[in-house]
Amino acid sequence: MEEIYCPQCGKTNPIDNKFCDFCLAHLHPQEGGSADSESISVPGIGENQNGLGGHDSDSNVPDWLSELQQSKEVENEEPLDSDSELGKPADAISDWMTGVSGDGEATIGEFSPAAPFLPDQEINESQDIPHWLNDALIEEETQDLLEDERLEEVPSASEEKDVSQGDSSPPKIRDETSGDRENAGPLAGLKGVLSAEPGAARVRKPRTYSAKLKVSTSQRAHIDLLNSLLEDEGQPQPLPQRRSISQQHMLRWGIALVLLMAILWPIVFTNQEMPLPDYDEGSAEVNRLISQLPENARVLVGFDFEPGLAAELDTAAKPVFDHLLSEGALLTLISTSPSGPILAERFIQSFQADQLLIYGLEYVNLGYIPGGAVGLLSFIENPQGTIPFTIDGLVAWETDERNGLPATAGISQITDYSMIILLVDDPDTARMWIEQLSPTIINPQVLTSLVLITSAQLEPVVRPYYESSPQPVNGLVVGLRGGAAYARISGGDDFPGKFWDAFGMGTFVAALLILVGGLGYYVIPELSRTARGQEKVKR
Amino acid sequence: MNLADWIGAFLGFVLTLLVFSYLIGDNPLFRITLHMFIGVSAGFVAVVAIYNIILPRLFVPIFINNSSQQILSLFPLILAGLLFSKISPRFAFIGNLPMSYLVGVSAAAAIGGAVTGTLIPQVLASMNLFAVQSNQAFDASVGLRLVNGIIILIGTVATLAYFQFGKYSQASEKTQFQTWIDGLGQIGQVFIALTFGFLFAGILSAALTALIGRVLFLVDFIRDILGLLIG
């Protein structure tokens, strides 16, 4: 039984089949095909079609083709040397070739490869097709294959641009209304459909892309620049030459020398040249409050300053505590700063040479209140619950069950203290104490007064609390000047005169330096500008 | 002075000189002193925290109180333990409970104190400067108080005008309102300059006092040494 290969899937089918059993493609070219396919006039193929299809087309066959058929029948009966027959192509095809437009390439291009063929009569193009046509077909197919491979291996310019620029624009939609008409398969005669040619189903080698990153010239330049920067980063760079003594150094040393000389002179060579300040309202108010304290009054003292400003606060507070201890006040020391308890102990020890203070009897150190504002608020609302022990681990407060220390006897709440004195150097800490205490002590029925001994740098912050009405701060001693004023008011003669002298001289020289520096800052550029103007005028 | 006092004074003398060496620029001696100060401060704070807070307030109450107080004393211990979970990023969320408690309570105390202790009292105090009784004789003190109140009022309003966070319109000419605000801002600038001058004077005074304290210590130490040597 004769079989025919399907032009679509390449499988064998009985020759009587009109359609492929596997893919339903037309096994025979359609009679109502395109005009292009009708114009095909390849003699070999035409002969096969006649033979296969069994169409009686003698009436339609032109003369030149009839002659060719007759000659072909002769060839079939007496096999001839194909080479000898094909060796005379001009004689054999000259007639039908002249019927074609004469454009060999156009005719070849219109050749339908989808034409069926018999497996028994395997196409031997060298036998059925003339040499020149066979060569042309082979050459064209080779060129197509080479073109396909070239396209597969080398991406197009547009693809390369997309890869390099990361273009994500959608691919162009194919215009299906245009394009070639399909001339084979079940979609034959339609335009804009996928080709049913065997070549379309050919297994192609998958497209391969280069693993190398495609970069443009400008990107390459940036990469080189980045690489050079990274390489330079690892290279040790020589340090710039520093001038051993600059103008800035000279200025700094000059100012330091002048200030040190101003401070040292009164300390070393003189004694109490400058008088203490006559009067200070805040210090006088503190003096009045302390003088009105009852005997053995309980006083809470907060030590909330850092060691760096201990000299200022110790000196300012010393006349106040001299007066306080002379009135017989019993002190309770506390701090919201970790370094506060040891500074408090050190401060109290400085009085031991003149006046013996017994721990627990005349003063007690409760140590450190943790928690900042929360801890302080807790202590104000419940002192015994917040700090039950002293810094030495002793029971600090007197209760019904056990006796406390004499210095804290009778204290159950914060308002049991006659006075609260706060030594502070930080504006936030001072404000925290005032804010947490003022709702409790601003009460006409509460006799507890709040006194602040502060560093000079805090005066702008705390003075509004002292001068406002109602008055959360009842007394204010500010810095060395406040302490000196208090010493003068209280009549004490133990204020360090050398300290006050050095402070006065140092302040005077510092103010002078600021004035000279400010004038120089404005005058020197002006003078140089004037000199340059005069030089221009002379020229 | 005993031996410990002498050693302490000598260390203080040397360390003070090392800090003063910053005058010639940043140098290793100054750095060593700085690191010593930071290390000693951290160590001291740790000792205070352990012996003044953790032991007496966290662990001792568990053992010396009655049973109900012991149970209550466990809560801070548990919350403190949960804070350690912040060390690990995986279990850090467990520490959010004590952290939220700490932040919430701290914020409440700080805001409440600021409103009731500073904001309202200061506003009231500024208003009270203008409170003149109808039957009160207008003497010098009342006049001085009014002048003080007017200065404070102008200073407050002008300083706020200087810190206006508005935006000028695109028109080239200023409106009358903008001209007024600019004028007030100029006055506010004067008040701000005076405030900064006041602050600078205070800081200079405090720093000068600290310097004098150190110089006085150096001079006294040298005198003591000389007195000891000379007899």
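Helices (H or I, at least four residues) and strands (E, at least two) are DSSP runs, numbered from the N terminus. This is a predicted model, in which local features need pLDDT of at least 70, side-chain atom pairs count only at pLDDT 80 or more, and totals for chains, interfaces and linings use all residues. Residues are numbered from 1 along each chain as its sequence is written, while chains are lettered from A and ligands numbered from 1 in the order in which they are written.

**View 1. Packing of α15(A) against α17(A).** Helix α15 (residues 372-381) of chain A packs with helix α17 (residues 427-441) of chain A at an angle of about 30°, their axes lying 10 Å apart (axes are lines fitted to C-alpha atoms, for helices over the stretch in contact, and angles run from 0 to 180 degrees between N-to-C directions). The two helices are therefore roughly parallel to each other, a term for angles under 35 degrees.

**View 2. Residues joining α15(A) and α17(A).** On α15(A) the contact is made by A:A373, A:L376, A:L377 and A:I380, and on α17(A) by A:M432, A:W433, A:Q436, A:L437 and A:T440, where contact requires C-beta atoms, placed from the backbone, to lie within 7 Å. By class, this contact has 7 nonpolar, 2 polar and no charged residues.

**View 3. The contact between chain A and chain B.** Chain A gives 49 residues to the contact and chain B gives 37 residues. Among the elements that each supply at least two residues of the chain A side are α11 (247-269), β5 (363-368), α15, α17 and α20 (497-538). The residues of that side divide into 29 nonpolar, 14 polar and 6 charged. The model scores ipTM 0.86 and pTM 0.65.

Terms used:
Parallel < 35°, antiparallel > 145°, perpendicular 65-115°, else oblique. Contact = placed C-beta atoms within 7 Å. Nonpolar A, V, L, I, M, F, W, Y, C, P; charged D, E, K, R; others polar.
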